[in-house]
Amino acid sequence: MVLTTINTGIPPALIFILGAVLIPFLKGKAKAAYLLLLPVLAFLTLVNTPNGNHFLYPLLDYQLNLGRIDGLSRAFGYIFVIVTFIGMIYAIRVKDNVQHVAAYVYAGGALGVTFAGDLFSFYIFWESMAIASTFLILARKTKESQKAAFRYILVHIFGGLSLLGGIVIYVVRTGTLEFSFIGLADFSDVGATMGVAKYMIFIGVAINAAIPPLHGWLKDAYPEATVTGAVFLSSFTTKSAVYVMARMFPGTELLIWLGVAMTAIPIFYAVLENDIRRVLAYSLINQVGFMLCGVGIGSELAINGAVAHTFCHILYKSLLFMSAGAVLHQTGKIRCTDLGGLYRSMPITAVFCMIGAASISAFPLFSGFVSKSMIISAAGYENLLIVWLIFQFASAGVFHHAGIKVPYFMFFGHDSGLRPKEAPLNMLIAMGIASFLCIYIGIDFGKLYAILPYPVEYEPYTGAHVIGQLQLLMFGALAFCLLILSGNYPAEMRSVNLDFDWFYRKGGAAFYRITDVLGNGINKAFDAVFLKSLVPSINSFAENIPSRLLLLILVPLRGLGGIKNEDAMAFKKRAQLSLEKGAIPIGITAAAAALFMVVLYLLS
Amino acid sequence: MKFDLKIFDNPRNVKIFLGVFYASLVVLLIADFLVHKHHDIPLEGAPQFYAVYGFVSCVMLIFIAKVIRFFIKRDEDYYDK
């Protein structure tokens with residue numbers, strides 16, 4: 001078959017990034033075809049390139065490696081290309097070329113990070129993701145999105161610098177550019193400098209993975225992105241960070257506990273949140289928690305689970321963002337308080353949304369079930385009882401907010417009176433493909449298991465497991481049902497809920513005010529005391545010495561000179577004026593100064 | 001495309017939906033006794049463990065969230081002030 005021989009010979013990342021350059025020159029159907037062609041080319045190239053190191057380029061003494069393809073990077077590469085294709089169908093009607101270019105550079109950056117074999121190219125692609133993704137937020141062109149984009153890029157610049165600093169120290173100390181296992185060893189084992197380098201790299205990656213307390217940017221920025229931009233955003237940044245964690249820090253115990261915190265904490269926020277896309281942002285953090293936990297546990301089953309869950313998650317999370325985006329696109333509203341009852345006029349979007357909801361909730365026969373189960377079982381096999389219990393709690397919680405709340409408040413619940421048209425065809429096709437894959441993977445999971453990094457001997461569909469999972473979810477649903485019917489469910493409110501982004505949004509402003517008051521206050525006081533009063537008074541004192549001396553001598557002599565009609569004040573003025581005009585010979589001033597000094601000398 | 005569905009406007013349909021939902025819960029409780037248990041951790045073997053855990057988790061989630069809301073809720077224009 002011809003498809004098995006097509007191989008562009010170009011690194012997938014560059015197919016996207018260099019390919020993006022042509023987009024502004026194309027129009028109409030040609031542009032649409034081109035936008036969909038790029039992921040196809042990247043996919044075929046990837047399929048037809050065997051595992052190993054490809055695309056090697058020399059740079060000074062080092063070698064850049066843009067094609068380290070193995071089990072781990074291949075699985076991430078596939079899903080990044082697939083979601084780019086789906087996202088492009090969803091965005092195909094967007095007229096703004098900046099968004100298309102940004103999306104491709106962003107996706108290309110994610111592929112570049114995935115297939116990079118050296119730290120230099122890894123870092124370049126990592127930063128290109130941060131920059132390109134910012135444009136997907138800016139492109140919304142609202143006041144909120146401009147501010148959010150600015151905060152977003154600042155956070156990522158901070159993360160990028162931490163990463164860069166760590167990499168530089170690491171490369172200098174080890175003498176290798178190789179992008180591989182680093183691990184968070186004890187400082188005592190590797191020395192303080194090396195330990196600091198490792199933690200700096202870890203923090204840089206952790207920011208992109210949205211690990212608390214470094215997660216504020218995600219829930220701050222994603223909901224402000226464009227309708228289509230949010231689909232790409234939800235797919236690449238956090239997931240490429242999961243990949244890097246799996247590459248650099250597998251088996252790191254700290255990741256287990258950070259991951260567990262991530263699964264649990266955001267669900268409380270998600271329950272309270274009013275903005276649907278912000279609910280999805282919180283549930284995204286929660287899902288990444290499962291993946292990072294898998295990476296932290298580090299067993300073959302856990303790593304497989306983390307990769308499988310990333311694969312499924314990208315599909316159902318983009319599906320959920322697409323359905324919420326379709327509602328935003330059709331109604332201009334995205335808050336629970338403004339929406340409700342949309343199943344009447346947008347039933348197809350509603351069905352797709354519920355498929356995404358069932359998948360993220362890990363219902364049997366949907367994708368989340370076959371992937372999340374691996375991570376939870378891995379925690380059980382390692383006897384991590386607390387982790388296991390929190391996982392189950394978080395699973396019930398996910399169903400609660402992403403599984404029920406999102407579809408319920410958009411498509412059911414109270415009737416908002418809105419009767420928008422169903423979403424445009426291209427959006428429905430994109431959601432349809434994602435929905436199909438969510439169900440397909442849930443049923444024919446062997447295909448997914450086959451591309452995981454390690455051989456899989458895991459059976460998700462055992463009777464006990466299916467019944468257990470269904471019980472967990474359905475009795476969670478019962479709780480939702482009873483709480484809603486009894487009026488105990490927290491009412492949807494127009495509000496913001498404080499989170500860690502407070503520290504740089506309000507904390508930053510407070511810091512600004514404090515430095516303003518302190519710094520400028522000292523400045524002002526200094527100005528008032530020294531510049532405005534002390535210096536001028538010394539100045540005028542020194543300036544007036546001759547005239548004062550002169551007056552001191554002249555005033556008693558005035559009577560002798562016969563100037564009697566003039567009063568004392570007028571005389572003083574006249575004398576001063578003649579002094580200022582220089583009508584007094586300089587010698588007198590000099591003599592006065594000398595006299596003053598003599599007097600001083602005598603008195604001392 | 002134009003749709004105008006009204007299926008849940010009829011209270012009878014809502015009742016049927018809830019009826020099927022409650023029935024499925026009963027079926028799941030019964031099924032728990034019938035399946036062969038194998039477990040990752042011993043706790044899983046307890047009868048109806050998942051049903052109880054799922055229900056209690058979600059009720060706790062809501063009530064803790066309500067308490068948290070008391071502390072973290074601000075006006076919608078909080079960050080613009």
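**Reading an interface and its aromatic pairs**

User: How many residues of chain A and chain B are in contact?

Analyst: In this predicted model, 61 residues of chain A are in contact with 53 residues of chain B.

User: Besides counting residues, how is the size of an interface often given?

Analyst: It is often given as the accessible area lost when the parts come together. Here, chain A and chain B bury about 5,400 Å² between them, and 70% of that is on carbon and sulfur atoms. On the side of chain A, A:Gln471, A:Phe475 and A:Val496 supply 12% of the area buried against chain B, more than any other three residues.

User: Which elements of chain A each supply at least two residues of the side that touches chain B?

Analyst: Among them are helix H11 (253–272), helix H16 (385–411), helix H19 (463–485), strand E3 (496–497) and helix H20 (502–561). The largest share, 17 residues, comes from H19(A).

User: Now for the rings. How many aromatic pairs are there over all chains?

Analyst: A search of the whole structure finds 37 aromatic pairs. To read one, look at the distance between ring centres and the angle between planes, where over 60 degrees counts as edge-to-face. The rings of A:Phe76 and A:Tyr243 have centres 5.2 Å apart and planes at 65°, so this pair is edge-to-face.

User: Which parts of chain A does the pair of A:Phe76 and A:Tyr243 tie together?

Analyst: A:Phe76 lies in helix H3 (residues 71–91) and A:Tyr243 in helix H10 (residues 229–248), so the pair ties together parts that are 167 residues apart in sequence.

User: Is A:Phe76 buried or exposed, and is A:Tyr243 buried or exposed?

Analyst: The cut-off to keep in mind is that buried means under 20% relative accessible area. A:Phe76 counts as buried because its relative accessibility is 2%, and A:Tyr243 counts as buried because its value is 0%.

User: Which residues do ring pairs link into a cluster?

Analyst: The cluster includes A:Phe76, A:Phe80, A:Tyr106, A:Trp126, A:Phe236 and A:Tyr243.

User: Finally, which residue lies over the face of A:Phe290, and which over the face of B:Tyr78?

Analyst: A:Lys372 lies over the face of A:Phe290, at 4.9 Å from the ring centre. In chain B, B:Arg74 lies over the face of B:Tyr78, at 5.9 Å from the ring centre.

Conventions:
Residues numbered from 1 in each chain as written. Chains lettered and ligands numbered in written order. Predicted model: local features only at pLDDT ≥ 70, side-chain atom pairs only at ≥ 80, totals over all residues. Heavy atoms only, no water. Phe/Tyr/Trp six-rings, centres within 6.5 Å; stacked < 30°, edge-to-face > 60°. Helix = DSSP H or I, 4+ residues; strand = E, 2+ residues; numbered from the N terminus. Buried < 20%, exposed > 50% of the residue type's maximum accessible area, 1.4 Å probe, protein only. Lys NZ or Arg CZ within 6 Å of the ring centre and 35° of its normal. Contact = heavy atoms within 4.5 Å. Buried area = accessible area lost by both parts, 1.4 Å probe.
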